[in-house]
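This report describes two chains of one structure. The sequence and the model are shown first.

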Amino acid sequence: MANPTGIGASVRRREDARFLTGRGTYTDDINRPGQTHAVFVRSPYAHARITGIDAAEAMRAPGVIAVLTGADMETDKVGSLPCGWLIHSKDGSPMKEPPHFPIARDRARYVGDAVAVVIAETREQAKDAAELVMVDYEELPAAVTSLKALEGGAPLVHDDVGGNLCFDWHLGDAAAVDAAFAQAAHVAKLDLVNQRLVPNAMEPRAALGEYDRATGEHTLTTTSQNPHVIRLLMGAFVLGIPEHKLRVVAPDVGGGFGSKIFHYGEEAVVTWAAKKVGRPVKWTAERSESFLTDAHGRDHVSHAELAMDKDGNFLALRVATIANMGAYLSTFAPSIPTYLYATLLAGQYKTPAIYAEVKAVFTNTVPVDAYRGAGRPEACYLIERLVEVAAAETGIDKAELRRRNFVPASAMPYQTPVALQYDTGDFAKNLDIALPLVDYDGFAARKAESARRGKLRGIGFATYIEACGIAPSNVAGALGARAGLYESAEVRFHPTGSVTVFTGSHSHGQGHETTFAQLVSERFGVPIENVEIVHGDTSKIPFGMGTYGSRSLAVGGSAIVKAMDKVERKAKKIAAHMLEAAEADIEVKDGRFVVAGTDKALTIGDIALQAYVPHNFPLDELEPGLDEQAFYDPKNFTYPNGCHVCEVEIDPDTGVVQVVSFAAVDDFGRVINPLIVEGQVHGGLVQGIGQALYENCVYDEESGQLITGSYMDYCMPRADDVPSFTVRYHEDQPCTHNPLGVKGCGEAGTIGASAAVMNAVVHALSEYGVTHLDMPATPERVWQAIRRHTPAQAAE
Amino acid sequence: MPCTVSMTVNGKAVSREVEERTLLVTFLRDQLGLTGTHVGCDTSQCGACVVHIDGRSVKSCTMLAAQADGAAVTTIEGLAAADGTLHPMQAAFREHHGLQCGFCTPGMVMSAVDLVTANPSPSEHDVREGLEGNICRCTGYHNIVKAVMAGAEAMQGGTMKAAAE
Amino acid sequence: MYAFTYHRPKSVADAVALLGQFEDPKLLGGGQTLLPTLKQRLARPSDLIDLGQIPELQGIREEAGGLTVGAFTRHAEVAHSETVQRVIPALASLAEGIGDRQVRNMGTLGGSICNADPSADYPAAVVALKATVRTDRREIAGDDFFTGMFETALEPGEIVTAVHFRTPDKAAYAKFRNPASRYAIVGVFVAVFGSEVRVTVTGAGPSVFRADDMEAALAQDFRADALNGASVSADGLNADIHASADYRAHLVRVMARRAVEACG
C-alpha cells in the first residue's frame with residue numbers, strides 16, 4: 001500500500017499551521033531585551049563624493065545611541081563585502097573587483113548607497129535623527145545605463161575600472177560559428193532588452209545583531225536563503241569573526257527569489273554595531289528602502305543571430321550581451337550572465353555551433369544579481385524569441401520548427417556546444433502534451449471569435465531547459481566559483497523512534513518541512529508527524545549552502561538520502577545484532593528490517609531504541625546511537641525542461657494584453673509532492689508573466705534616480721491580472737545522476753513564461769507587421785506598436 | 001506626545017499609552033506582540049497588514065492606533081476558534097496550498113474572510129477582483145483563488161450547519 | 001512619520017475651532033492618502049484633526065433632485081448604498097472602482113475631493129454631476145471647486161461637510177487604471193441632463209476638466225460614434241512612465257466611448 005505521506009503524495013504542508021494562525025517567526029517579529037533600532041542614512045545621489053559627515057545634531061536628538069560611518073568601520077578594520085565568483089575576460093585577465101564597503105567611505109555610487117547608520121532606542125527616533133545627519137555631498141555625473149556606461153568619456157563608477165568594464169567574457173567556438181553563418185540559407189536576427197526587475201519578496205529584508213559579552217559570541221538573525229554562506233562571507237572577509245564565535249540564524253523567511261542569497265552590508269553593520277553599542281541592534285527595511293537596496297535582477301541588452309539551412313535546421317547561434325552589474329559586484333553577480341546564461345543558449349536545440357560574448361558593466365545603480373531563474377530566463381527569452389522570429393521569417397510553423405531542431409530523447413546524454421551535458425529530456429513529448437492542452441488546432445477559430453469582438457489574439461510557445469541543482473563543486477570551481485556547492489544533511493533517530501533531520505537547505509516558502517519529511521517517511525515508514533526538519537541555524541545544522549537555483553531537493557534532498565543510507569546501514573548492523581542474524585541477511589521491506597526468508601523483523605523504532613540502550617552491544621564493532629551525517633556533491637547539473645504555451649487577447653483600442661490561457665508542461669524528473677510542485681510552477685509563471693507584461697525597474701537616465709521606487713509605479717502582478725493555469729508534468733525522464741531522480745522545479749515557471757507571453761503578444765500583433773516588442777508589453781507600448789505599423793487591412 | 005488608546009483586540013479589551021503617531025499595525029505588533037500582522041510595503045498596497053475593524057477589512061499600516069480607539073479589532077491570531085480549530089478559510093488555504101512563504105498569508109486570509117462575508121458565493125472573477133488589495137509573490141494566486149472559493153463554500157456550510165442545530 | 005498631536009472632535013464646530021488654534025493643522029479623513037504621505041515624511045503637520053467621530057459628516061440622503069453624501073462617507077458605503085445604486089448608479093460604480101477593498105473601507109468622499117489628486121476618481125463625478133460642495137460656511141459649485149493639481153477653492157480652516165450630486169437622466173464612468181497604483185490614468189464621466197451632456201476627465205490633466213468638443217458632439221447625437229470627430233488635445237496633459245500625453249489623449253476618447261455605451 002502506498003505510504004500516504006511518502007513519495008508522490010500531495011501531503012498538506014506541515015508549516016502552514018503556524019503561518020495561517022499568525023505564528024510564523026520572521027526576523028522582524030523577533031525582539032530582544034534592550035534592543036535598539038538602526039536606520040541608515042542613504043545617498044540621495046546616484047554618484048557623489050562624500051566630503052564630510054556631521055552627526056553632532058543627530059547625536060543630540062532624543063533616544064540616539066550612536067551614529068556610525070564608513071570611517072568608523074575603517075578604523076575597526078571592517079573589510080569589503082566579498083564576491084563569490086571570479087570571471088576571467090577573453091584575454092585571461094581577472095574581472096575588475098572594486099571594494100564594496102558595508103557603509104560607503106568616500107563616495108556614494110547609487111541612490112540608496114549607505115552613508116551612515118543611526119542607532120536609537122526606537123525606530124521612529126532613529127528615523128528622526130537620520131534626517132539630522134548632515135552629509136556634504138559633491139555630486140558627480142552618473143553612468144546609469146549599461147550602454148551609456150560603456151561609451152567613451154562616460155563617468156567612471158570606480159576610478160580604477162577603465163570604461164566601467166568589469167569583464168569581457170566569451171564562450172563557444174567563434175570560428176565554427178562564423179563558418180556556419182557563411183553557409184546559412186537564412187539568418188534570423190534580433191535585438192532585445194531583458195529589462196531590469198526588482199525581486200520583491202513580500203517580506204522586506206531585516207537583520208538583528210547581538211553580542212554576548214560573556215561568551216564573545218555574535219549572533220545575526222537575518223532574512224537569508226543561506227545562513228552558512230553569510231556566516232562564512234561576513235565572518236571571514238568582512239568582520240573577522242571566527243565561525244565558532246558567530247551564529248547566523250535565518251528563521252521563517254518571507255520569500256527570497258534570489259534576492260536573499262547575497263551578503264548585504266546591513267547584516268555586517270548590525271552585527272558589528274551590536275558589539276559597539278553593547279546592545280542588540282535591529283534593522284528592518286521599509287519597502288521603499290528594499291527597492292533601493294535589494295539586489296535587482298536581469299538587465300541585459302543583447303543582439304542575437306541564428307543561422308539556418310534551407311530546411312530550417314539551426315546551424316549556429318551568435319549572441320552578444322551587455323550585462324549591467326550595478327555599482328558593485330554583489331555576491332554571485334558575475335556568474336549570472338556567464339555560467340548561468342551563456343551555457344544555456346543551446347536551449348532544447350541541437351544547434352551545432354554557438355558563440356556568446358558577454359560584457360559586464362558597472363553603472364551607478366543598485367547591484368544586479370540572481371533573481372528567480374538567474375541567467376536562464378534571459379537565455380530562454382533570447383532563444384525562444386529568436387526561434388519565433390525565425391519561424392515567422394521562414395514561414396515554418398513555430399511548433400514544427402522547434403520539433404525539427406529539438407535534441408531528440410535518443411541523443412541523451414547530449415553534450416551541448418556551450419559546456420553542459422544534458423542527462424535526460426524528451427522535448428518533443430513536452431510539446432505533444434502541451435498542444436492539445438491549449439487546443440492549438442482550434443486557435444484560428446478562437447482568433448476569429450476575438451476579431452468579431454474587435455480584439456486581437458495570439459498564441460506563443462516557449463520551450464526551456466535550465467541547469468539546476470547547482471552545482472558539482474569541481475565544475476563550479478573550474479568555472480570560477482569561490483565556494484563548493486554541495487549540500488549537507490544529518491538524520492538523527494531519537495530513542496523512541498522520532499526523527500530530526502538537519503538540512504543545509506533553507507526553506508522560505510518551498511515547503512521543505514513537508515517534502516523532506518516525506519523522504520524519511522517513505523524510507524523508514526515513520527509517521528510524518530514524527531519527523532522534524534530543522535534548517536536555518538548555523539548552531540544546529542551542519543555546514544550547508546542553502547537554497548537557490550532550484551537545488552534544495554536535487555542536492556539537499558540527495559544529502560538526506562545519503563544520510564538515510566548511512567542510517568540504514570547502521571540500522572542493519574543493529575538489527576543483525578538484535579535478531580542474531582548475519583548483517584548480509586537483513587533486508588529492508590516496507591520500512592521493516594527483516595531477516596531474509598524468515599518472519600523475524602524489527603521496525604526502525606525498535607532499532608532506534610536499542611541504539612540508545614546498547615546494553616549488550618559488541619562495542620568494538622558497533623557504536624551506540626543512530627545519527628548520521630552526509631554531504632552530497634552532485635555529479636552534474638540537473639536539467640528541468642518543459643514547454644509553455646500562452647494565449648493572449650489584446651484590446652487594440654487601449655493596448656491592454658490579457659493572458660486568457662496558459663499551459664505549462666514540465667519535466668522535473670521524479671516528483672515528491674505534486675501539490676507543492678504545482679504551487680512552485682504557478683508562482684513562477686506569474687513572475688514570468690509579470691516580467692512580460694507588468695514589471696519594469698526604471699531609472700532616470702540622467703540623474704540615476706529610481707523612478708519605480710514603490711508599488712505605485714513598479715507594477716506587481718495581482719490576482720486580477722492573471723488567469724488560472726493548466727499545469728502538467730511527466731516523470732518518465734528522471735535525472736540519472738542523483739538518488740531521487742529529481743531535477744528541481746523552483747524556477748521553471750519564471751524561465752518559460754516570459755518568452756511564451758511575448759511570443760503570443762507579438763503573434764497577436766503580427767497582423768500589423770509587428771515583429772518584436774521589448775518587455776514589458778505595457779498597454780502604451782502595445783498601443784504605440786499598433787499605431788506605428790500600418791494595419792494590413794488599411795493597406796489594401 | 002503620548003496618548004492612551006483602548007480597543008478590543010481578538011475579543012480582549014486592551015489599553016496602552018502610545019505615541020500619537022503610532023500606526024495600528026505597530027501597536028498590534030510592538031505593543032501587543034501580535035506579530036502575525038505583517039508590513040510588506042509603505043504605500044498601502046500589499047495588504048500584508050490587513051485586519052478587521054468592526055468587521056470590515058482595513059490596512060492596519062494606513063490607520064493610526066488612535067483612530068481605532070473604541071473599535072473591535074480582529075487579527076489573524078483571533079480567527080481560529082478558541083480550541084485551536086482553524087477557521088474554514090484558514091483550513092481551505094491549507095487544503096489547497098494557498099500559501100508558500102506565509103508572509104502575505106495573514107492579510108490574504110483576513111481579506112478573503114471579509115470578501116466572502118460580503119459575497120458568500122463569489123465567482124472566480126469576484127475573488128480575483130476582491131483580492132486586488134493583497135499582493136502575493138509566491139503562489140501566482142492560482143491556489144489562493146481556489147482556496148478562497150473553497151473557503152467560501154465551507155463558510156456557507158458552516159452557517160447552514162449552525163442554523164440547523 | 002513626524003510627531004504630531006492628535007485630536008478627535010465630536011462636531012464640525014469643534015473641528016473648525018481646533019483648526020484655528022494650531023500652527024499647521026491637517027484634517028484627517030479616512031487617511032488613505034494622508035497617512036502614506038506622513039509615513040514617507042512628505043508632510044509635517046503640527047496637529048491631526050480626525051473627522052471620524054462627527055455624526056453630521058456622515059450619511060447618504062436623497063434630497064432636492066439628487067443625493068447628498070456626507071463628507072465622511074466612506075467609498076464602500078457609497079458603493080454599496082441602495083440609495084446611491086438606485087438614484088445615481090454611476091456614482092456607486094465609480095466608488096466601487098476606487099483603490100481596493102480595504103482602501104474603500106476607509107477612504108472618504110471628503111478626503112478624496114479635498115486632496116484633489118489629479119488621478120482621483122471622485123472629481124470627475126463632482127463636476128459631471130453638477131455637484132454642490134457644502135462646507136461649514138458656504139456652498140461651492142462643483143464646477144468651481146477644483147482649481148488645480150492638489151488645489152481647491154477651500155479657504156484655510158474651511159471644512160467640507162457634504163456634497164450634493166444632481167441626479168442625471170443617465171450617466172456612466174469609465175476608467176483606465178494605472179496597472180501599478182490603480183489610480184486613474186484616465187477616467188471619463190459622462191452625464192446627461194436633458195439636452196445637456198457633461199463629459200469630465202480625470203487623470204489625464206493636472207486637474208479634472210470638461211471635454212468641450214465631446215460634450216458638444218454628444219449633445220447633438222448621443223452615440224459613441226458621435227465621438228469619432230471629437231478629441232482632446234495632448235497639450236498640457238500629464239505624462240509619466242505609464243502613459244504619455246498622446247496616449248492619455250487617445251484613452252480619453254476610448255473611455256468616453258465606453259462611458260457613452262455604458263449609459264445605454
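## Chain B

Read from the N terminus, chain B has the element order β-β-α-β-β-β-α-α-α-α. That order holds 5 helices and 5 strands, where helices (H or I, at least four residues) and strands (E, at least two) are DSSP runs numbered from the N terminus. The model is predicted: local features need pLDDT of at least 70 and side-chain atom pairs count only at pLDDT 80 or more, while totals for chains, interfaces and linings use all residues. Residues are numbered from 1 along each chain as its sequence is written, and chains are lettered from A and ligands numbered from 1 in the order in which they are written.

Chain B is as compact as a globular protein of 165 residues, because its radius of gyration is 16 Å, close to the 15 Å of the globule rule. The radius is taken over C-alpha atoms, and the rule is 2.2 Å times the number of residues to the power 0.38. The C-alpha trace of chain B spans about 45 × 40 × 25 Å along its principal axes.

## Chain C

An automatic or database domain assignment gives the domain bounds of chain C, listed here.

| Domain of chain C | Residues |
|---|---|
| domain 1 | 5–50 |
| domain 2 | 55–166 |
| domain 3 | 170–263 |

In chain C, the C-alpha centres of domain 2 and domain 3 are 20 Å apart. Contact (C-beta atoms, placed from the backbone, within 7 Å) joins 21 residues of domain 2 of chain C with 21 residues of domain 3 of chain C. On the domain 2 side, α5 (89–96), α8 (122–128) and β8 (146–148) of chain C each give two or more residues. The largest share, 5 residues, comes from α8(C).

Terms used
Two residues are in contact if their C-beta atoms, placed from the backbone, lie within 7 Å.
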